[in-house]
Amino acid sequence: MKINKVTVSAPGKLMLFGEHAVVYGHPCIVTAVDQRMFVTAEVNDSGNFELEAPDVKVSAYKRPLSEIGIGEIPMGAQFVETAIANVVIKYKKSLTGLKVITRSEFSSQFGFGSSSASTVCMVKALSELLGLKLKEKEIFDIAFRTVLDIQGKGSGFDVAAGVYGGTLYFVTPGKTIEKLKIKTLPLIVGYSGVKADTVTLINKVSDTAKDYPRVINGIYDIVGVIVNEAKPYVVKENFEELGRLMNLNQGLLESMGVSINKLSQMIYAACENGAYGAKLSGAGRGDCIIALAPSKNVSTVGKAIEKVGGTVIKVKTNAEGVRVEK
Ligand code: MEV
């Protein structure tokens, strides 16, 4: 049956281990979080693409469908619009008119991957509306292509979390996407209040790599080793060992130059108040830290993070991937 309106949702993500090194072919581990992005898409006869995306301050955005993906696109519309253009071109489809509304359960400031989640949602929504029946890997490929068209850089781990959900062992560009079978991963998440820009930070580390290639490549290699050490402990839910490995990973992120005082303060506060370990999560220089602690210490750790100015964000990890909402 042909449908003309659909709502889909995709989860946000948190990187557990392996940021930056993952861009250069090393593995990472990422978990999907239960705060989700929603996209409602409706086919009409207007001949236009219309977008309402209040979370990124886009209101009454409209352009003829014949022009989408061409020329200057406002920031807040880039991912959704480019995703539509890419799907229509790749699958040789046409649309008579499309109205899209996005809504997020999490702030685009957190670094939970709002851009990749909205891209994944848009591809899935079009798959439903155009009867494409795209498989997870097909959604991943076109959504990752879209993110690269806009950002130019990135590993795609966030796109994979949005599509597949759960907790993934990931190697770019989707060479390995392995779902790790776990029941629980009780992360404590502390938000720094500072917005990080992924591409700026990738460039910052690669600038250091230009001057000291052996040093930075050595660090990336060790990050890859940490990820592989962590993998069985994720599956065994051994949070104590994962905490130790988080601390090791954090030391290397510090040496890449992507931590800041605010993140380090939250990390030390967590570790000095009963966490097994903690690290920044994502590109660095802002966004969030993650910590693991024995359940008896979780509330003390949360309070310690807040005492140094962080905001604890309650999330459930290992959340479901992209889905059609009933
Ligand atoms: C950003 O959240 C993580 C990075 O590794 C970039 C990426 O993997 O796309 C820095």
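Predicted model: local features only at pLDDT ≥ 70, side-chain atom pairs only at ≥ 80, totals over all residues.
**Entry 1: salt bridges**

I began with the charged pairs, since side chains of opposite charge can pair when their charged atoms come close. The count for this model comes to 10 salt bridges, and I followed up several of them by residue.

I turned next to E241 and R244, which form a salt bridge at 3.2 Å, N to O. Both residues lie in helix α7 (residues 239-256), and their separation of 3 residues is about one turn of the helix. R244 counts as exposed, because its relative accessibility is 53% and the cut-off for exposed is over 50%.

The last pair I checked was R323 with E325, a salt bridge at 2.8 Å, N to O. I noted R323 as partly exposed with a relative accessible area of 27%, and E325 likewise as partly exposed at 24%. This pair is part of a network of salt bridges that links E320, R323 and E325.

**Entry 2: helix α8**

I checked the length of helix α8 (residues 261-272) against expectation: at 1.5 Å a residue its 12 residues should span 16 Å, and the end C-alpha atoms are 16 Å apart, so the two agree. The expected figure takes 1.5 Å times one less than the number of residues.

Within α8 I found L263, S264, M266, I267, A269 and A270 to be buried.

**Entry 3: S118 in helix α2**

I located S118 in helix α2 (residues 114-129). S118 is buried, because its relative accessible area is 9% and buried means under 20%. Leaving out residues up to four places away in sequence, I listed M37, V39, F79 and V80 as the residues that S118 touches.

The largest pocket holds about 1200 Å³ of space. I counted 48 residues in its lining, of which F79, S114, S115, Q151 and K195 lie nearest its centre; F79 is also one of the contacts of S118. Elements that each supply at least two residues of this lining include α2, α1 (78-90), α3 (136-151) and α5 (198-211). By type, the lining of the largest pocket divides into 20 nonpolar, 20 polar and 8 charged residues.

For the second largest pocket I noted a volume of about 280 Å³. Its lining has 15 residues, and the closest to its centre are L187, I188, V298, V312 and K314. Which element gives the most to this lining? Helix α9 does, with 4 residues, while β8 and β11 (311-313) each supply at least two. I recorded the lining of the second largest pocket as 9 nonpolar, 3 polar and 3 charged residues.

Conventions
Residues numbered from 1 in each chain as written. Heavy atoms only, no water. Buried < 20%, exposed > 50% of the residue type's maximum accessible area, 1.4 Å probe, protein only. Contact = heavy atoms within 4.5 Å. Salt bridge = Lys/Arg side-chain N within 4 Å of Asp/Glu carboxyl O. 1 Å grid on protein atoms, 1.4 Å probe; cavity = no way out; pocket = protein on both sides within 12 Å on 5 of 7 lines; lining within 4 Å. Points joined across faces, edges and corners; volume = space filled by probe spheres on them. Nonpolar A, V, L, I, M, F, W, Y, C, P; charged D, E, K, R; others polar.
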